[in-house]
Amino acid sequence: MAYLFDPAPVIALPIVGDDRSFPVRRVFCVGRNYEAHAAELGNKIDRDDPFYFTKSPLHIVVGDGEAALAAGTDDYHHEIEFVVALSADLNNATPEQALDAVFGYGVGQDLTRRDLQNKAKDKRRPWDTAKDVEQSAILSAITPKAAFGDIGDQMISLTVNGKLKQEGKLSDMVWSVPEILSHLSTLYTLRAGDIIMTGTPSGVGPVAKGDVLVSRVDGCEPLTTTII
């Protein structure tokens, strides 16, 4: 088939200990999954159901490197996330079934135009221009599930220019990974290649040009990002 212009490239993440790469299909993000983070932004946790937003795979920055400060904002925020990568399909799965579809885990940044998000909240509008931003989904290499082990009290943390800004434990999540995957699989047929960013702990804040962000989750490859 001849195309009018070149189609978008496949975005793929390195796999720790593997010569192959993980091709990304979709990126789902979980909102307000750490109670302290919800509280710092003046929100209450809805424990009935998790909620989600999405990012385009074309907005992914792969691994260590640089990410541009977004246009159209005066308050661009860091949000470190624990990342789940799927290698099998899920549809109406139970929490017990959900982990069977997981290939591995990683570290991510959900960079956010906070001022635009706050305006959208005030007007009850979607968050797209706040969240689905070029170079706003920064993702590490994927560590296979067997190498990572069970999800428990692993630490998740972020430093900016060497100063600790965000810290928590994966066990602090309101909705566990099996619960998230189970619920999301009732709304979408999840597919191999889907990425789920599972929310951020408290301590989010603005970034500026020249800032160096180091994102860590115990058991995963760390992620170093310079804002340009």
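A: A disulfide is a pair of cysteine sulfur atoms within 2.5 Å. By that criterion this predicted model holds 0 disulfides. Take cysteine 29: the closest cysteine sulfur to its own belongs to cysteine 220 and lies 16 Å away, too far for a bond. Cysteine 29 counts as buried because its relative accessibility is 0%. Cysteine 220 is buried as well, with a relative accessible area of 11%; the cut-off for buried is under 20%.

Another buried position is glycine 199, which is assigned to that class because its relative accessibility is 1%. Glycine 199 sits in the loop that links β15 (195–197) to β16 (205–206). Leaving aside residues up to four places away in sequence, glycine 199 is in contact with Val30, Asn33, Tyr34, Ile80, Glu81 and Phe82. Valine 27 is 172 residues from glycine 199 along the chain, and the C-alpha atoms of the two are 13 Å apart.

Burial can also be followed along a helix. In α3, which spans residues 114–122, the buried residues are Arg114, Asp115, Gln117 and Ala120. An α-helix has 3.6 residues a turn, so residues three or four places apart point the same way. After α3 comes arginine 124, which has a positive phi, near 55°.

Terms used:
Residues numbered from 1 in each chain as written. Predicted model: local features only at pLDDT ≥ 70, side-chain atom pairs only at ≥ 80, totals over all residues. Heavy atoms only, no water. Helix = DSSP H or I, 4+ residues; strand = E, 2+ residues; numbered from the N terminus. Buried < 20%, exposed > 50% of the residue type's maximum accessible area, 1.4 Å probe, protein only. Contact = heavy atoms within 4.5 Å.
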